[in-house]
Amino acid sequence: MAAGGVTTGSAPPAPAGPQAAPADGSAAAPSASHTQWAPQMSLAEAGIVPDWIDATVDPCTDFYAFACGGFLKTASIPPDRSSWGAIEIVVKDAEDVLHDALEAAAKASAGDPTIDKLGAYYAACMDEPAIERAGAAPMQPLLDLVAKVSDGTTAAAAVVALHAEGVFPLFAIGPQQDFADATQVIASIDQAGLGLPDRKYYFENKGTMARTRAAYLAHLTRLFQLLGKDAAAARTAAGEAMRVETQLARLQQDEVVRRDPHAVYHRVDRVGLETKLAPSFPWGAYLAALGIPDVTKISVHDPAYYTRIAALLKTERPAALRSYLASVVMRSMADDLSKPWVDEAFAMRKVLDGVKELPPRWRRCLRNTDRDLGELLGQSYIKTRFAGDAKARAVELTRAVLAAMRGELDQLPWMDDATRGAAKQKLEKMAYLVGFPDKWRRYDFEIKRTDFAGNVQAASRFELARQLAKIGKPVDRLDWGMTPPTVNAYYDPTLNELALPAGQLQPPFFGARFHPAVNFGSTGGGTIGHEMTHGFDDEGSQFDADGNLREWWTKPTRARFHDATRCVVDQYARYEAVPGVHLDGKLTAGENIADNGGVKLAYQAYQAWKATQKPPAQVEGYTDDQLYFLAYAQSWCDKATPEVLEKRAHSNPHSPPRWRVNGVIVNQPGFGPAFKCTAGAAMVPGKACSVW
Ligand SMILES: [Zn+2]
């Protein structure tokens, strides 16, 4: 079949119009420049990658294979990555841009404190001879803390000291908006301290879990050997660490349980921890060591957990506790040490992710710089990759999708008026951050050109202090949870806010000159609509307009919402991630609801937007509605190793790319008409799930 042809499109493309164009740039039209499209565009100019399409596949039978088949047939995963596709192409572009910026910054002092700081950090990370000379020495102070453990009291003291250094055995602490009062930031203590991707790996045998568990034990053994233990002693220590971790895993909450905010929010407060739940743990010393001695308002994920781990510290053999704590230290620092440690950390990633080769040092250093100085690094990214009217276009798209949700709320048949009013209020209050922060963060810690591991520790301590300093202060809605080059986006239900980093607003997802149907399909549906729908998914819907965990739904409407959600849960549970490993319909429910709602709402948004514009450009072989769905699907063209696909199925709430496309397409009312599919085709099965 001819390139660009679609099964339904052997006839000339249907005209995209006719649309009544407003005589002038009426107020409804978001911006005048959008009306200046060339009448014709090539597929590539429109923002679709022609070579990724497999025109031999009928889009009505398998839309993913149609949109991405060309890509899947020819692409190969680079040996130093675990997947390759649209996302990684943007990631790689950001890496290349930032690599140049960092190399230049590292060479000479620019007299600019931002650039000098980045340069010093990156230079220290790239200085392999210095890192080899340091060996494991940077870890020694933490291991010395662990060596002092001789009973329950000294074990608790070691936990306190490690947390103060940003290493988190047993549990972790951070700030959280109080679910009951979203104007307040309180302390949140949550389960932590496992080395495998999910608690299930410690005692279940699905897929390759048993093999992965054995590989992890071998990895811990080798870490203890690197520490200087002989083979037998290393095996013993690894076995003890594994036994402690397995106990913790059994005490920890399952990720599906944790999707219920009520399950992870318990305002026991400091008094509850000190007098009832875990009086043997030195909470006063703990909070003082973290620099927050006066904090009293504390939520814990599960009160019983703290009673049990306090008991574990008292009853477990001190040698086993030392092994566990040492293993947490080694796992958290191995990447910052000399080559044998880096190689060993990578050996475990190989097992979990199927990646074949260690990424080059510069890429690892770039990732560290993004983690530790992200908003400094992001500034050079913004200059080269988010200039011009990109931000204005993205804001315009966001408004259009929000408007479509407003329209949807007006007509949803399953929602009663009381709930509808509250839902509209939530939408009105939903805030959005686009591209990059209005005000860049500061990084007030010392960076030494000669001490990479020290820089990482300084950054980690600084970030912990910055986070904990939020406790007791008013909520800052302008603080970003992702750095500008990040190719991702998020919705925070406690802030009722979505954030779209510049990294996500790039080709092939988004282009200021792309065909509008493409921007609406990929960024409007896949990103903005997706994140916005999270505000109304099974989890987000439990928070009100202000971010309070409060039931604002009437009982009958909530019951109908549950039924609609169950349809999605059952649908995705039928899909396989890799042969023999099914998706967890409950774990992935929120993301699947967001995918489905996002694509549906942005489609409506596009139709409404189009009605206010001159006819959009025509693209040979495709109608604009077809381009919409094609753009969404191509944003998920991706090839991943079987290892990473299986790992995500066990531990990640997102469905794999194939199902993020086909699982969504079968539920889209607009898809069948757009591709003129006959009813009953695989992509138009007749029975659809619909939440939003
Ligand atoms: Zn999501």
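Analyst: Helices here are DSSP runs of H or I with at least four residues, strands are E runs of at least two, and both are numbered from the N terminus. This is a predicted model, so local features need pLDDT of at least 70 and side-chain atom pairs count only at pLDDT 80 or more, while totals for chains, interfaces and linings use all residues. Residues are numbered from 1 along each chain as its sequence is written, and side-chain values use heavy atoms, with hydrogens and water left out.

User: What makes a residue a donor of the zinc ion, and which residues coordinate it?

Analyst: A donor is an N, O or S atom within 2.8 Å of the metal (3.2 Å for Na, K and Ca). His530 (NE2), His534 (NE2) and Glu591 (OE) coordinate the zinc ion at 2.0 to 2.1 Å, so they meet the 2.8 Å limit. Along the sequence the spacing of these donor residues reads H-x3-H-x56-E. Water is not among the atoms, so a site may look incomplete.

User: How do you know whether His530 is buried or exposed?

Analyst: Buried means under 20% relative accessible area, exposed means over 50%, and partly exposed is in between (1.4 Å probe, protein chains only). His530 has 4%, so it is buried. His534 has 10%, so it is buried too.

User: Why is α19 called oblique to helix α21 (residues 589-610)?

Analyst: Two packed helices are described by the angle between their axes and the distance between the axes. For this pair the angle is about 135° and the axes are 6 Å apart. That makes α19 oblique to α21: angles under 35 degrees count as roughly parallel, over 145 as roughly antiparallel, 65 to 115 as roughly perpendicular, and the rest as oblique. The axes are lines fitted to C-alpha atoms, for helices over the stretch in contact, and angles run from 0 to 180 degrees between N-to-C directions.

User: And what is the handedness of the α19 and α21 crossing?

Analyst: The crossing is right-handed. The near helix is turned clockwise from the far one by less than a right angle in a right-handed crossing, and anticlockwise in a left-handed one.

User: What makes helix α3 (residues 86-107) and helix α4 (residues 113-126) roughly perpendicular?

Analyst: Their axes come within 7 Å and cross at roughly 95°. α3 and α4 are therefore roughly perpendicular to each other. In contact terms (heavy atoms within 4.5 Å), His99, Leu102, Glu103, Ala105 and Ala106 of α3 meet residues of α4 including Ile115, Leu118 and Tyr122.

User: On to the sheet. In what order do the three strands stand, and what is the pairing?

Analyst: The order is β6-β8-β7 in an open sheet, and the pairing is mixed. β6 (431-435) and β7 (490-492) stand at the edges with a single partner strand each, so one side of each has no neighbour in the sheet. From one strand to the next the twist averages 15°.

User: How do you know that β6 and β8 pair, and in which sense?

Analyst: Two strands pair if DSSP finds at least two bridges between them. β6 and β8 have five, in the parallel sense, and Val434 has Leu500 as its bridge partner in β8. β7 and strand β8 (residues 497-501) have three bridges, in the antiparallel sense; Tyr490 stands opposite Ala499 there. Helix α16 (residues 390-411) lies across β6 and β8, at about 150° to β6. As for cover, four of the five residues of β6 are buried.

User: Where is the cis peptide bond?

Analyst: The cis bond joins Pro507 and Pro508, with omega at about 5°. Pro508 lies in the loop between β8 and α19.
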